Amino acid sequence: MSVTGGKRVLLAARPVGEPKESDFRIEEMSVPAAGAGEMLLRTLYLSLDPYMRGRMSDAPSYATPVAIGQVMEGRTVSEVISSSRDGFAAGDIVLSPHGWQTHAVSDGKALRKIDPELAPVSSALGVLGMPGMTAYTGLLDIGRPQTGETVVVSAASGAVGSLVGQIARIKGTRAVGIAGGPQKCRYVVEELGFDACIDHRAPDLHAKLKAACPKGIDVYFENVGGTVFEAVFPLLNNFARVPVCGQIATYNAIEMPAGELRTSAVTRAILTKRLTLRGFIVTDFAARHGDFLRDVSAWLHEGRIKYREHVVEGIENAPRALIGLLRGENFGKMLARIG
Ligand SMILES: NC(=O)c1ccc[n+]([C@@H]2O[C@H](COP(=O)([O-])OP(=O)(O)OC[C@H]3O[C@@H](n4cnc5c(N)ncnc54)[C@H](OP(=O)(O)O)[C@@H]3O)[C@@H](O)[C@H]2O)c1
């Protein structure tokens, strides 16, 4: 038996350029009933992440797109309401991949229990979740920062970038952020402890970055692409490492924008400066999950890492929030509070 009262968000249309609210459909749904060996989950927080723009498109990618009429993909922090599955009891808090819906039934296989004693449960979607793991592995395994080097990260006030710069500081490097607007830049320096932060929306990004990085750039953690990458690229030192994590400046692009950099100039610089540019998807480093949780939890408890969340209320506001995230309207890890 099921009762009404639930809601879910479906993909209604594939966006052309920037997504519109009409590309999503919000539906009432019955709260499903859990069968034998299953559990009923109630969503507390839904994570909103830039990769979701990719899932709305059917262009070739590393992941399968969401089909039209399907529930939007996403991770949630959820509460177990009832369970007949061994190992899970009512009241447990879990990380679940059940997408943009208020309730779901699970057999427990894709779930991970969250310890509410460790940190606020929403952090399992941010600093102690997928974005945190992305920052940790991309910086440490690909960027390999050494004491005294200079690390630059774009989208520096966001879920991934904020942690990259703070770990860079812990590792004894000079951390320079790039962020959109004076408020975000102030936060990055004054609250997160970066050495400097440059506003990419203000003029002269390249010149300001050059002044903030007097010894050049040894690691550039790339979250953005486009004109930000063009400003950074000429400042890379010999043997610099570039973890290529995201290209958010182009996620809504219908055509790739023409750029200043010419392919031959880029490949020539890669050769002569012996640069390493490596793309990665966080799941490539699944074996590092234990190290990540151990280190970042410890840094959090020692007060060496701070994080910020941008929370919207209700599943109805999730489409608008994702659209805003892709415009840079979020200030911190973007979440929708559902429960
Ligand atoms: N490879 C992986 O496995 C992996 C995993 C997680 C995330 N990522 C990538 O990491 C990046 C950051 O993700 P996040 O979850 O931490 O998001 P976030 O930084 O919390 O939010 C996205 C930010 O991107 C910036 N942005 C948006 N459009 C921009 C533009 N045209 N030019 C410059 N900056 C722009 C905005 O910050 P400003 O206002 O500061 O510009 C916005 O706040 C994204 O590219 C995402 O796709 C990759």
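**Reading the fold and its cores**

Biologist: What share of the contacts with a separation of 6 or more comes from residues 24 or more positions apart?

Modeller: This is a predicted model. In the protein chain, 67% of the contacts with a separation of 6 or more join residues 24 or more positions apart.

Biologist: How many helices and strands are there in the protein chain?

Modeller: The count is 9 helices and 15 strands. The radius of gyration is 21 Å, close to the 20 Å that the globule rule gives for 339 residues, so the chain is as compact as a globular protein of that length. The C-alpha trace spans about 65 × 45 × 35 Å along its principal axes.

Biologist: What percentage of the residues is buried?

Modeller: Buried means under 20% relative accessible area. By that cut-off, 50% of the 339 residues are buried.

Biologist: Which residues touch the most other members of the largest nonpolar core?

Modeller: They are Leu-139, Ile-167, Val-296 and Ile-305, in a core of 36 residues. Elements giving two or more residues to this core include helix H3 (159-170), strand E9 (174-179) and helix H8 (289-301). Helix H2 gives the most, with 6 residues.

Biologist: What is Ile-305 in contact with, leaving aside its neighbours within four places in sequence?

Modeller: Its partners are Val-127, Leu-163, Gln-166, Ile-167, Ile-170, Val-296, Trp-299 and Leu-300. Another core, of 24 residues, lies apart from the largest one; Val-224, Leu-236, Val-242 and Leu-275 are among its members.

Biologist: How many positive and negative side chains are there?

Modeller: There are 38 positive and 35 negative side chains, and the centres of the two sets are 5 Å apart.

Note on methods
Residues numbered from 1 in each chain as written. Predicted model: local features only at pLDDT ≥ 70, side-chain atom pairs only at ≥ 80, totals over all residues. Heavy atoms only, no water. Helix = DSSP H or I, 4+ residues; strand = E, 2+ residues; numbered from the N terminus. Rg over C-alpha atoms; globule rule 2.2 N^0.38 Å. Buried < 20%, exposed > 50% of the residue type's maximum accessible area, 1.4 Å probe, protein only. Contact = heavy atoms within 4.5 Å. Lys, Arg positive; Asp, Glu negative; His and termini not counted. Charge placed at Lys NZ, Arg CZ, Asp CG, Glu CD. Core = buried A, V, L, I, M, F, W, Y, C linked by side-chain atoms within 4.5 Å.
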